[in-house]
Amino acid sequence: MKTSFPKGKIRVVLFEGVHEAGAELLATEGFDVVTEKGSPSEDALRAHLGEAHLIGIRSKTQIRESMLDGANRLLSIGCFCIGTNQVDLGPAGDAGVPVFNAPYSNTRSVAELTIAEIVMLSRRTFERSYAMHQGQWVKSASGSHEIRGKTLGIVGYGHIGSQISVLAEAMGMRVMYYDVAPKLALGNAMPSDSLGALLREADIVTLHVPATPQTAGMIGATELKLMKPGAHLINNARGSIVDIDALAHAIKEGRVGGAAIDVFPDEPASRESAFKSELSGLPNVILTPHVGGSTQEAQKNIAIEVSTKLAAFVNTGATTGAVNVPNVDLADQSAVTTNADDGASRPHRILHFHRNVPGVLSKLNNVISELGVNVAAQHLETMGQLGYVVLDVDPSNGNELKDRLNAIDGTIRTRILW
C-alpha cells in the first residue's frame with residue numbers, strides 16, 4: 001500500500017516489553033520500529049511523543065493531556081492490554097489520535113487463572129506449600145474441600161465471566177452470576193437478582209467487572225459481611241473494586257475464608273519497587289502481581305491484535321476498534337476505481353477528523369466541488385463532539401486539497417493516502 005508518507009519514515013515506539021509479534025508485524029508493514037523493555041520516564045515519553053507516529057504502551061505508562069500538546073506527528077496510540085485508563089482518551093480524540101486496545105485477547109488466560117485459584121483456595125494449597133518450604137509436613141484434610149457441588153458466584157458475566165462459567169460447570173460447580181446488563185446464561189448458570197443475593201449464596205465469589213465510578217469500592221465491609229461464613233473472594237479484574245483493608249479485616253476475623261487478589265489500588269511502578277499490602281502474610285491468601293492476562297499466548301494475541309489495528313489505521317484510515325473516536329472503515333483503496341482517464345486508477349483517500357458541528361461536511365464537499373474532484377466513496381461517523389469522514393476521490397492535486405480542507409473551521413486533522 002502506497003501512502004502519502006513513506007512507510008520507512010513511519011516511526012513506531014513500543015514500550016514495556018510488548019510481545020515481539022507486534023514489532024514483527026509492524027516491521028513487516030515497512031515501518032521503522034523501536035522497542036523498549038521498560039516504561040519510560042515522563043521526560044523520555046514526552047520526547048518520544050514529539051517524534052513518533054505510533055506509540056505502543058501497556059498498563060504502566062501514562063499518557064496524559066499535557067503530554068499530547070507537542071505530539072504533532074502522533075497518529076495513533078496502541079494500548080497493548082485490555083484497559084485504556086492509562087491514556088487521557090478525550091484529549092487524544094480531540095487531537096485526532098485514535099486509541100486502540102485488545103479488549104478480549106487475554107480472556108482465556110484470566111479465566112484459567114481464576115479456575116486454578118478456585119481449586120487452590122478450596123484446598124488451602126498455598127498454606128501447605130509454604131509449610132513445606134519451611135520444613136513442615138502438615139498432612140491434613142482440615143479445611144480442604146472439593147469444588148464439585150460448590151456454588152460459584154460470578155460478578156460480571158462478560159467475555160471472561162462467561163468463560164469461567166463454562167469451565168466451572170464442567171468441573172461440577174453450580175454457577176450463578178450477577179451483571180448490571182441482561183446476559184444470556186451459558187449452560188446451567190443462573191442469573192442472580194442482585195449482588196447481595198449472590199454474595200449470600202456463593203461459596204466462592206469472583207469479580208470480573210471494569211473499573212468505573214459505579215464499580216469503585218463495590219466490595220467493601222458491608223458486602224463482605226453479606227458473604228457466607230468462610231467463603232472465598234477472587235479479584236482478577238481491577239484494583240479499585242475491592243476495599244483491601246476491609247477484606248484483610250474480614251479474613252483476620254475468620255468471616256472470609258480466603259482470597260486471591262491479582263490487582264491492587266496502588267501497584268508498584270517496577271520490579272525494583274516494594275510491594276506492601278494489608279493482605280500480606282494472611283492465611284489462605286494468594287497474591288499475584290497483576291499477571292491474570294500475562295501468558296505468552298495472551299501477550300502474543302494482544303500484540304497481533306493491536307498492531308493490526310495500528311497498521312490498518314496508518315494504511316487505510318480504518319478506526320474500527322478505536323475507543324475514543326468514531327469507528328469508520330472502508331475497503332482497501334486497491335479495490336476502488338475512479339473516473340480517471342485510465343479508468344482504474346487508485347483514488348486518493350482523505351481522512352478528516354473534525355468537530356461535530358453543523359456545516360463541516362457541506363464545507364468539505366464544497367471544497368471538493370470547487371476543485372472539480374469526483375467522489376468515489378464517502379463514509380461519515382460521529383461520536384460525541386468528534387466527527388470522522390473517509391472519502392475516496394479521483395486523483396488530484398493532493399497538497400492543495402489538503403491545505404483547503406485544513407482551512408475549514410472545525411477541522412482537527414487531515415491526512416491523505418495516495
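Is I286 buried or exposed? I286 is buried, as its relative accessible area is 3%; buried means under 20% relative accessible area, exposed over 50%, and partly exposed in between (1.4 Å probe, protein chains only). This is a predicted model, in which local features need pLDDT of at least 70 and side-chain atom pairs count only at pLDDT 80 or more, whereas totals for chains, interfaces and linings use all residues. Residues are numbered from 1 along each chain as its sequence is written, and side-chain values use heavy atoms, with hydrogens and water left out.

I286 belongs to strand β12 (residues 285–287); helices (H or I, at least four residues) and strands (E, at least two) are DSSP runs, numbered from the N terminus. Apart from neighbours within four places in sequence, I286 is in contact (heavy atoms within 4.5 Å) with E117, M120, L121, F126, A259, A260 and I261. R148 is 138 residues from I286 in sequence, and the C-alpha atoms of the two are 21 Å apart.

**The seven-stranded sheet**

An open sheet of seven strands has the order β8-β7-β6-β9-β10-β11-β12, with parallel pairing; two strands pair if DSSP finds at least two bridges between them. Its edge strands are β8 (190–191) and β12, and each pairs on one side only. Helix α4 (residues 107–123) packs on this sheet and touches β6 (151–155), β9, β10, β11 (256–261) and β12. The direction of α4 makes about 150 degrees with that of β10; axes are lines fitted to C-alpha atoms, for helices over the stretch in contact, and angles run from 0 to 180 degrees between N-to-C directions. Within the sheet, strand β9 (residues 204–207) is joined to strand β10 (residues 231–235) by four bridges, and V205 stands opposite L233 in β10.

**The five-stranded sheet**

Five strands form another open sheet, in the order β2-β1-β3-β4-β5 and with parallel pairing. Strands β2 (32–35) and β5 (99–100) stand at its edges with a single partner strand each, so one side of each lacks a neighbour in the sheet. Helix α10 (residues 296–316) packs on this sheet, touching β3, β4 and β5, and its direction makes about 170 degrees with that of β4. In β4, C79 is the bridge partner of I57.

**Antiparallel pairing around β13**

Strand β13 (residues 348–355) is mostly covered, with seven of its eight residues buried. Strand β13 pairs in the antiparallel sense with two strands, β15 and β16. H354 has G387 in β15 as its bridge partner, while H352 stands opposite T414 in β16. In a regular strand, side chains alternate between the two faces of the sheet.

| Strand pair | Sense | Bridges |
|---|---|---|
| β3 (residues 54–57) and β4 (residues 76–79) | parallel | four bridges |
| β13 and β15 (residues 386–393) | antiparallel | eight bridges |
| β13 and β16 (residues 411–417) | antiparallel | six bridges |

**Loop residues**

P40 lies in the loop between β2 and α2 (42–51). P40 counts as buried because its relative accessibility is 15%. Not counting residues up to four places away in sequence, P40 touches F15, L45 and T61. P40 and T61 are 21 residues apart in sequence, and their C-alpha atoms are 7.0 Å apart in space.

Two residues other than glycine have a positive phi. One of them, E16, lies in the loop between β1 (11–14) and α1 (20–28), and its phi is near 60 degrees. E16 is buried, with a relative accessible area of 10%. R124, in the loop between α4 and α5 (125–133), has a positive phi of about 50 degrees. R124 is buried too, at a relative accessible area of 19%.

**The chain as a whole**

The protein has twelve helices and 16 strands, and its C-alpha trace spans about 85 × 45 × 35 Å along the principal axes. Of its 418 residues, 47% are buried. Among contacts with a separation of 6 or more, 64% are between residues 24 or more positions apart.
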